[in-house]
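Please consult the sequence and the structure shown here while reading.

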Amino acid sequence: MANRVATVRKIGSLRKRVASWRAEGDGVALIPTMGSLHEGHQSLVRFAQGKADRVIVSIFVNPTQFGPNEDFETYPRTEASDRKALSGVGADLIFAPSVAEMYADDFSTQVNVSGLTDCLCGASRPHHFAGVATVVAKLLLQALPDIAIFGEKDYQQLLVIKRMVRDLDIPVRIVGAPTVRESDGLALSSRNVYLTAGQRQTAPLLQRTLVDAATDIAAGRAVSGALKASRARLEAGGFRIDYLEARRISDLAPMTRSEGGPARVFGAAFLGKTRLIDNAPVPRAAKGRRPAS
Ligand code: AMP
């Protein structure tokens, strides 16, 4: 039986715990989450255990990253089963602060990462990334880990956090970890519990469509044509598309040709009220093939 992982709720207690590990020479990893943990989050813990001696998982449903009509109130909160899952995987500490611990009544500072946040999820959720960047900056400064792990499922978030840490000289290494999927390809997400049985059957079409678009683009199909066909396929499958775009990962500039630096196809789409996001890397084009325009 795995040891029950301890939970601290105060920044001071977190700092004490980290200081005692540091005194022993241990390296520390932080994994920020909003709880409602699934195998994807557990895989981040295992990934972190390969890179640090101690792994902290923060659980905080951050109000400032939700829009007024989004699911902050109903976002699943499952701390008891989260603790069980994290004990099972051998995490060292849960940091689960209250909203009051994180935000003073007159809290007035915001971290804005411009440019990278103008497109994709940033365009459809205007205040989302300011909320994310601000809370992650706070968590990093509270825990002062050596590394922090973020899932590639939320690829734009990973890029935004990397840019913020570089720009603000926060002494932490940000590392991306692969997306964990159901056997039919659907990316695990805490929001999948919102899907009806019928929607759950449709949901893997998002990933299949993104992968096929990425494959077609790498094979030389025009980016615009590949994306148009993909949109039609998703709509025919019952999705309402928020965005479907191919962008370079260096700066999230739109990909117009299949040549150039690494790129991904990014998609966000609704099934009923549930918004799913995913992304797929554009495979590197075979040498000698002429890219399409
Ligand atoms: P959240 O689910 O929003 O609380 O995300 C917490 C962290 O887990 C983020 O870094 C996510 O990118 C990551 N994450 C969420 N789903 C997955 C998944 N299916 N595979 C790997 N990482 C994930």
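## The pair E79 and R9

E79 is partly exposed in this predicted model, with a relative accessible area of 26%. R9 is likewise assigned to the partly exposed class, at a relative accessible area of 40%. The side chains of these two residues, R9 and E79, form a salt bridge with an N to O distance of 2.6 Å. R9 belongs to the loop between β1 (6–8) and α1 (11–23), while E79 belongs to helix α3 (residues 79–89), so the pair ties together parts that lie 70 residues apart in sequence.

## Further salt bridges

In general, side chains of opposite charge can pair when their charged atoms come close. The count of salt bridges comes to 19. One of them joins the side chains of D278 and R181, at 2.8 Å from N to O. This pair also links distant parts of the chain: D278 is in strand β9 (residues 274–281), R181 is in the loop between β6 (173–177) and α8 (197–202), and the two are 97 residues apart. D278 has a relative accessibility of 5% and counts as buried, because buried means under 20%. R181, with a relative accessible area of 27%, is partly exposed.

A salt bridge is also present between the side chains of E245 and R247, where the N to O distance is 2.6 Å. E245 counts as partly exposed at 22% relative accessibility, whereas R247 is buried, with a relative accessible area of 11%.

## Surroundings of the ligand

Which residues are closest to the ligand? The ligand is surrounded by 17 residues, and the closest are M34, G151, D154, V180 and L188. By class, this shell has 7 nonpolar, 8 polar and 2 charged residues.

A backbone N or O atom of M34 is 2.8 Å from a ligand oxygen atom, and a polar side-chain atom of D154 is 2.6 Å from an oxygen atom of the ligand. At V180, a polar backbone atom lies 2.9 Å from a nitrogen atom of the ligand. On its own the ligand has 480 Å² of accessible area, of which the protein covers 92%. The elements that give two or more residues to the shell are β2 (28–33), α2 (39–49) and β5 (147–151). The largest share, 3 residues, comes from α2.

Methods:
Residues are numbered from 1 along each chain as its sequence is written. This is a predicted model: local features need pLDDT of at least 70, side-chain atom pairs count only at pLDDT 80 or more; totals for chains, interfaces and linings use all residues. Side-chain values use heavy atoms; hydrogens and water are left out. A residue is near a molecule or strand if one of its heavy atoms lies within 4 Å of it. A polar contact is a pair of N or O atoms within 3.5 Å; within protein, one must be able to donate a hydrogen and the other to accept it, and residues adjacent in sequence count only if both atoms are side-chain atoms. Accessible areas come from the Shrake-Rupley method with a 1.4 Å probe; for residues, only the protein chains shown count as cover. Helices (H or I, at least four residues) and strands (E, at least two) are DSSP runs, numbered from the N terminus. Ala, Val, Leu, Ile, Met, Phe, Trp, Tyr, Cys and Pro count as nonpolar, Asp, Glu, Lys and Arg as charged, and the others, Gly among them, as polar. A salt bridge is a side-chain nitrogen of Lys or Arg within 4 Å of a carboxyl oxygen of Asp or Glu. Buried means under 20% relative accessible area, exposed over 50%, partly exposed in between (1.4 Å probe, protein chains only).
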